[in-house]
Amino acid sequence: ASSLFGLLTELGPLMLSDESLNTPDYKKTGIPTPIYNPYSWSRLGHLLIIDQPAPVGFSYCGDDLESHSCGGIAWTDELTSLNSYTALQTFFEKKFPCLLELPLYLTGES
């Protein structure tokens, strides 16, 4: 499953639950209403949620929806870890260097 599932059911500041289907907005629009999550991990700090490797969850490459390759590239553990490392480097060094001084905790969910 996509990491988006964990974000919207367990970890994030807002979540979707049965309660999301019992709101006036849902009855009016048919769109589930995000509910405040008082147990969110985001109460403790920032969250960066990454689906890895690219062809999992809601991510895919072109029209190749069946295999676990992108353009003929097999997503090995080594390639996936390099991709994750590069994403973290870019996030911290180029996009949000102000976060470099904060503690970093890495975890995974499957």
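Predicted model: local features only at pLDDT ≥ 70, side-chain atom pairs only at ≥ 80, totals over all residues.
Tutor: Rings of Phe, Tyr and Trp (its six-membered ring) pair if their centres lie within 6.5 Å, and planes under 30 degrees apart count as stacked, over 60 as edge-to-face and the rest as tilted. Residues are numbered from 1 along each chain as its sequence is written, and side-chain values use heavy atoms, with hydrogens and water left out.

Student: How many aromatic pairs does the structure hold?

Tutor: The structure holds two. Phenylalanine 91 and phenylalanine 92 make an edge-to-face pair, at 5.1 Å centre to centre with 90° between the planes. The pair of phenylalanine 91 and phenylalanine 96 is tilted, because the ring centres are 4.9 Å apart and the planes stand at 40°. Phe91, Phe92 and Phe96 form one aromatic cluster.

Student: Are phenylalanine 91 and phenylalanine 92 buried or exposed?

Tutor: Buried means under 20% relative accessible area, exposed over 50%, and partly exposed in between (1.4 Å probe, protein chains only). Both phenylalanine 91 and phenylalanine 92 are buried, whereas phenylalanine 96, at 39% relative accessibility, counts as partly exposed.

Student: Why does leucine 47 count as partly exposed?

Tutor: Leucine 47 counts as partly exposed because its relative accessibility is 35%.

Student: What is the mean pLDDT of the protein?

Tutor: The mean pLDDT is 82, and 79% of the residues reach 70 or more.

Conventions
pLDDT = per-residue confidence, 0-100.
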